[in-house]
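Subject: Structure handover

Hello,

Here is the structure for your files.

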Amino acid sequence: MTASKPLKAFVATVTTAEYIRPQPRRTLEFPWDPKPSSHPQQVHISLAGDSHMRVTWITDDESSPSVVEYGTSPGGYNCGAEGESTSYRYLFYRSGKIHHTVIGPLEHDTVYFYRCGRQGPEFEFKTPPAQFPITFAVAGDLGQTGWTKSTLDHIGQCKYDVHLLPGDLSYADYMQHRWDTFGELVQPLASARPWMVTQGNHEKESIPLIMDAFQSYNARWKMPFEESGSNSNLYYSFDVAGAHLIMLGSYADYDEYSDQYRWLKDDLSKVDRKKTPWLLVLLHVPWYNSNEAHQGEGDGMMAIMEPLLYAASVDLVLAGHVHAYERSIRVNNGKPDPCGAVYITIGDGGNKEGLARKYKNPQPDWSVFREASFGHGELKIVNSTHAFWSWHRNDDDEPVRSDQLWITSLVSSGCVAEKSRELRKILMSP
């Protein structure tokens, strides 16, 4: 494989044909399925620091223990761990007992079998590899529609190691039981591979003077914020294989005096590009967006944080919010830049609001491919210098790649070394 010049790596000849799609699929209905009160429900896993995994599940039985038994053979649970639990009330709704248990240390690239609360069905998951190659599945703005089911079915056919979700999970929108049905919907995938998520606007669910924002999201989807030195579940970071991923909060304070901005500077100061040559960022509201939907909503955060991410030589920024797909060339400050990041909007997982079909014309110079279709993305980081990105439209078979390109890392292009002084200057500023 030969590395192309950074800017040329993102030039593609694309035809944007119009597709005749079936009628929008309605919100899924979930028939009542009674289970024993101690039965684990809504099981999902997430990375929790080096060689550890957080297992999350819910029981109706408040006395059920927050214990996970696990091992590398079916039914052979030679290890165990006990965690913590929480619950919450939301007006007339009361959640079940929400269990969070961290297990490990675990071997890399290994299948584990586990059981939650000492009973119920056996689950299994596979840990990510210790080094390249590693594959991420990416889908934002999921919801609970027929299109969501189609997206999940496509992802299920993908051989991936970690699922990345840049905000808008359940579309519960204050109806708390919809969090429960979403948990059941995603359990087959989310219990088998780690799901790393950040918040979107549909997670906000605040009621002034009564309910704090993100109460449901924070209780149900605990991410490794403490492990990464953050004081908020709305922004955090983690390492996996040779990549450092930063999950930013579009709905947390982000100005230069905010906790999030200070944390981001501190986090970037610890990144070792020899250990993690790839640097990725996820957030909900896109900064580069030529769709008519949600125009300008990310401008404030972009003005504050883009100079920092540019100086840090971020390779790729993934966002949701806009219900369509769009990919840029490497760009910074609105202009093509071989040392800038590639920006991808992928808020097309299957939400109930439909697709954002209207784009601004003429198409900006930085925008390479854009289409209003439901789908998901796959990012395979092959080695320290090359990664392969592909976008898969739900209307096609999963193996069909509707958009694809090879990405050359900024480490290999010399951009990281070139901007090291600029980065130090920003990180050292008060």
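A salt bridge here is a side-chain nitrogen of Lys or Arg within 4 Å of a carboxyl oxygen of Asp or Glu. Arg330 and Asp315 form one, with their closest N and O atoms 3.6 Å apart. This pair links distant parts of the chain, 15 residues apart: Arg330 is in strand S18 (residues 325-332), and Asp315 is in the loop between helix H5 (299-311) and strand S17 (316-319). Helices (H or I, at least four residues) and strands (E, at least two) are DSSP runs, numbered from the N terminus. Both Arg330 and Asp315 are buried, where buried means under 20% relative accessible area, exposed over 50%, and partly exposed in between (1.4 Å probe, protein chains only).

Before the rest, the ground rules. The model is predicted: local features need pLDDT of at least 70, side-chain atom pairs count only at pLDDT 80 or more, and totals for chains, interfaces and linings use all residues. Residues are numbered from 1 along each chain as its sequence is written, and side-chain values use heavy atoms, with hydrogens and water left out.

The structure holds 17 salt bridges. Another of them joins Asp180 to Arg220, with the closest N and O atoms 3.0 Å apart. Asp180 lies in helix H2 (residues 177-190) and Arg220 in helix H3 (residues 215-220), so this pair ties together parts that are 40 residues apart in sequence. Asp180 and Arg220 are both buried. Lys270 and Asp266 also meet in a salt bridge (3.0 Å, N to O), but Lys270 is exposed, at 58% relative accessible area, and Asp266 is partly exposed, at 37%. Glu84, Lys222 and Glu226 are linked in a salt-bridge network.

In helix H4 (residues 259-269), the buried residues include Gln260, Tyr261, Trp263 and Leu264. Among the elements covering the buried residues of H4 are strand S14, strand S15 (243-247) and helix H8 (420-428).

Last, the pocket. On a 1 Å grid over the protein atoms alone, a pocket is an open set of points where a 1.4 Å probe fits, with protein on both sides within 12 Å along at least five of seven lines; lining residues have an atom within 4 Å of a point. The largest pocket is lined by 30 residues, with Gly49, Asp50, Phe238, Asp239 and Val240 nearest its centre. Strand S14 (residues 236-240) gives the largest share of that lining, four residues.

Regards

Definitions and conventions:
Contact means heavy atoms within 4.5 Å.
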